[in-house]
Amino acid sequence: MAIVKKKKVSTTPKSTPKENGLKRKLEVEDAQEAETPKVAKKTPKKKPLKKQNGTVATPVVEVVATPSSENGPKKKKKKVVKKVKLFEEEEKAPKQKAQLIDEDDDEEEFNIGNLDIQGDDDDDDDLRDDYSDDDEDEDNLPIEKKSAALDKKKEKMLKEGEEELQLNIANQEKFELPTVEDIEAEMKSAPNLEIVRQRIADVIQVLGDFKARRDPNKSRLQYVEVLQKDLCSQFGYNEFLMAKFMDLFPNGAELLQFLEANDNPRPVTIRANSLKVKRRDLAKNLINRGMNVDPAAEWTKVGLVVYDSQVPVGATPEYLAGHYMIQGLNSLLPVMALAPQPGDRVLDMCSAPGGKTSHIASLMKNSGVLFANDANFDRCRAIIGNLHRLGVNNTVVCNLGGEEFGKIRPNGFDRILLDAPCSGTGVIWKDQSVKTSKDSQDVQRRHTMQRQLILSAMDALDANSPNGGYLVYSTCSVLVEENEAVVNFLLERRHCELVPTGLTIGVDGYTRFRDYRFHSSLSMTKRYYPHVHNIDGFFVAKIKKLSNAKMSKQEVLEKEREKQENKKKSQAEEDSSDDKKKPAKKAGKKSKEDSDSEDDDGTAPFKNVGSGARANKKRRNQKKVQAKQDSLKEDDGFNTVGNIKKARKVKEFKARVPKRAAARTGAKAVKNKRKKMLAKQQ
């Protein structure tokens, strides 16, 4: 069937609203084309449409008159429109209908007024309005055009939001800082916590951008004083402790997190006793008992965290059998840093109530010797009870002051754990009285005691131990005066050095803090905070003893230098004296000195038995005693083995009676006694 083309010069008859809209759009485009020079384009050849059930769609060409410009004549534009006749067969095949609609070229437009396609006319109009017919967008797919439109809309929304934010900041009221006197007057009455909390947030915001937000008439010190007063009233601390925490956490947001974490309890954790049970088996038993437990952390192999329990954690059959110990995760850290080996001599200087002691014993596999000491006798009873329950049998419990071990047992231990008494600023959630009871004098007393204990512990350590010589110092405090300052004091007084703790978690210690300047190796120490690690505040340092000398590293180096110089001088004097002496030995004869040297070596032949041999032996012993005394006098602490002079035995009087005479006298007396007894019997 041939394609019929109809040319219409006049306007078309009444059409639908969609056709009117298309015509208006074409008229506007024709007017734009009239202004620009027209380029001749080759119209593509139209392919005849495929037959569908004996029918053919006939395209119709319409010529629409367009108004010409003022200078030029009227121009006509051909508009190719495909009018597809729909038959009953085409309605059954909607896919073929869509193919007929999509089979046009880029320059052709469809008149779909006769098609009955479901959809909203408004959406089609929006699409026509959104996408222009520029040459740049002709090659883009509809989804790309839609994406570009969404991007533009998003950029516009972001721009409007930024403008609104700047407008809000400009219109925001400036924070007016109250005076310290006003706050003190407010604290005398019941303060409004909401107002105090809002003022804390405002002051922290001002201090975060002080140059832009400050009041020109107020200094930074005034803002800090107001913040300190508000924090004390909000959280219940005294001013001394709050000032320490503000120095420790200069960032206001982190300070608030720390103070809030101190009020929240830590999760209940237990340690599986590896001497009796494995952690996996213990977890199964506790779950069957009605407890919800999980492994505590990746860095521990024996810790379990208890979320909830239907039975008391400290009254289960497993607890009474010694399968686990209720213990915080922070107390596992110093024992892991100490890393005791089987067969070592270990001292736990402040061991109550025995959690760390039993952990050390489990790592030693009940071998070696472990000393558990505590200065409080009542707490020693708790140590004994826990050790019996947990099956520890290599431990000696003693009740002594920690300062005594450096005197009574110098250089007597391979490894020492010192969990020193402290102010307890890392475990405030356990004891809320710490907030108000601690002051500068209390911290100074603790600081002095800790220095005495750490010096005694270092003196009791043996530097010549084959696999030991390590001291682990730990506290449950976050104050610098009780942690880095104490370790730095030890480094200045004894010949030792800091070594890595071997712990995978923790914040590095301070090397400089406000007015303090510490040794650079203190960065190897570890700090733990409740708001960062979700455990109690803690501090761990591991120290290795380099020599048994009771002096600092600098003094030891000076002593070694002097010793080397003295050796060089003595060697030079000996060489000069040997050159002056002349050899006076004859062949075949031995001098007295040579015979003495042979005697000293123990190679002299014992041919002459009698007074000569005894004299040689006596001479050798005298020389050994003299050499020992000289070594003790020249000893600088490096070669000391802990020798103690033995007291001389008291000489007892013995009668010098010949053995034969004593034997005769004894035999005669026995015979006489027998004779008398026989006479009485007869």
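How many aromatic pairs does the count come to in this structure? In this predicted model, the count comes to 11 aromatic pairs.

**Aromatic pairs**

Two of these pairs are set out below.

| Pair | Distance between ring centres | Angle between planes | Arrangement |
|---|---|---|---|
| F405 and F413 | 6.3 Å | 65 degrees | edge-to-face |
| Y510 and F513 | 5.1 Å | 55 degrees | tilted |

The planes of F405 and F413 stand at 65 degrees, and the pair is therefore edge-to-face; an angle over 60 degrees is required for that class. Both F405 and F413 are buried.

**The annotated residue C476 and helix α20**

The UniProt record, an unreviewed entry, places the feature "active site" at C476. This residue is found in the loop between β11 (470–475) and α20 (484–493). Is C476 buried, partly exposed or exposed? The relative accessible area of C476 is 22%, so the residue is partly exposed. Leaving aside residues up to four places away in sequence, C476 touches C422, G424, T425, G426, V427, G537 and F538.

The buried residues of α20 are E484, A485, V486, V487, N488, F489, L490 and L491. Among the elements that cover them are α19 (440–459), β11, β12 (496–499), β16 (526–528) and β17 (538–545).

**K435 in helix α18**

K435 belongs to helix α18, which spans residues 434–437. With a relative accessible area of 7%, K435 is buried. Its contacts, not counting residues up to four places away in sequence, are F235, G236, Y237, N238, L241, D263 and I428.

**The packing of α7 and α9**

Helix α7 (residues 193–208) packs against helix α9 (residues 220–235) at an angle of about 145 degrees, and the two axes are 10 Å apart. Their crossing is left-handed. From α7, the contact includes L193, V196, I200 and V203, and from α9 it includes Y223, V226, L227 and L231. The residues of this contact comprise 11 nonpolar, two polar and four charged.

Notes. Residues numbered from 1 in each chain as written. Predicted model: local features only at pLDDT ≥ 70, side-chain atom pairs only at ≥ 80, totals over all residues. Heavy atoms only, no water. UniProt positions renumbered as here; feature names shortened; annotations may be inferred. Helix = DSSP H or I, 4+ residues; strand = E, 2+ residues; numbered from the N terminus. Buried < 20%, exposed > 50% of the residue type's maximum accessible area, 1.4 Å probe, protein only. Contact = heavy atoms within 4.5 Å. Axes fitted to C-alpha atoms, helices over the stretch in contact; angles between N-to-C directions. Left-handed = near helix turned anticlockwise from the far one by under 90°. Nonpolar A, V, L, I, M, F, W, Y, C, P; charged D, E, K, R; others polar. Phe/Tyr/Trp six-rings, centres within 6.5 Å; stacked < 30°, edge-to-face > 60°.
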